[in-house]
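Dear colleague,

Please find below the structure that I am handing over to you. My notes on it follow directly after.

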Amino acid sequence: MRFYVYLWTILSSSLTFLFSLKILHVFKFIKFSPIGWAENLNVYDHAHPLVKWFILWIFIMVIIAILFALGELMKNIKMNFIAILLAALFVWLIEWYMQKTPNIHKFSIPLSVIIAIHLLWILETASFHAKVRSLDSRNKLPNSDQ
């Protein structure tokens, strides 16, 4: 059961995150291309865009897997604040990488909201399933007094 939750959470979160990035790029809520990393790093410059999206998807799945594992370890901490802080950190790192300056001129609010929602989804799911596994019986809810 744990493996299936882990697998489906990672797959669905990574695919919806990529879809959200594409929507943000199409409607010009972010000024950079999500697959612009290939031009910046001079890797896969002339590759098909689907190859770049696939590599980005694999990279995002690895990050989500690490965050899911960390979320299971931090099951007693409120994930709301952690998701907001991590979202602000991730957006700052992305904007810093794209603008190549420590002074961020534009902070993308829609990108930070998308990242925060996905982080909250991943961390809360991991925390919930870690609490459920630690119960004496599988029929009890994590916050019940029974």
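The model is predicted: local features need pLDDT of at least 70 and side-chain atom pairs count only at pLDDT 80 or more, while totals for chains, interfaces and linings use all residues. Residues are numbered from 1 along each chain as its sequence is written, and side-chain values use heavy atoms, with hydrogens and water left out.

Helix H4 covers residues 79-99; helices are DSSP runs of H or I with at least four residues, numbered from the N terminus. The 21 residues of H4 should span 30 Å at 1.5 Å a residue, and the 29 Å between its end C-alpha atoms agrees with this; the expected span is 1.5 Å times one less than the number of residues. Met79, Ile82, Ala83, Ala87, Val91 and Glu95 are the buried residues of H4. Here, buried means under 20% relative accessible area, exposed over 50% and partly exposed in between, with a 1.4 Å probe and protein chains only. The cover over these buried residues includes helix H3 (49-73) and H5, contact being heavy atoms within 4.5 Å. Just after H4, Lys100 takes a positive phi of about 60°.

Leu89, Trp92, Leu93, Trp96, Phe107, Ile109, Val113 and Ile117 make a nonpolar surface patch of about 730 Å². Such a patch joins nonpolar side chains (Val, Leu, Ile, Met, Phe, Trp, Tyr) within 5 Å, from residues with over 30% relative accessible area and no salt bridge; areas come from the Shrake-Rupley method with a 1.4 Å probe. H4 gives the most to the patch, with 4 residues.

Glu72 lies in H3 and Arg133 in H5, so the pair ties together parts 61 residues apart in sequence. Glu72 is buried at 11%, whereas Arg133 is partly exposed at 40%.

The count of aromatic pairs is 4; ring centres (the six-membered ring for Trp) must lie within 6.5 Å, with planes under 30 degrees apart called stacked, over 60 edge-to-face and the rest tilted. Among them, Tyr6 and Phe68 are edge-to-face, at 5.0 Å and 75°. Phe68 is buried, with a relative accessible area of 1%.

Yours sincerely

Methods:
Patch = residues over 30% accessible without salt bridge, like charges linked within 9 Å, V, L, I, M, F, W, Y side chains within 5 Å. Salt bridge = Lys/Arg side-chain N within 4 Å of Asp/Glu carboxyl O. Helix = DSSP H or I, 4+ residues; strand = E, 2+ residues; numbered from the N terminus.
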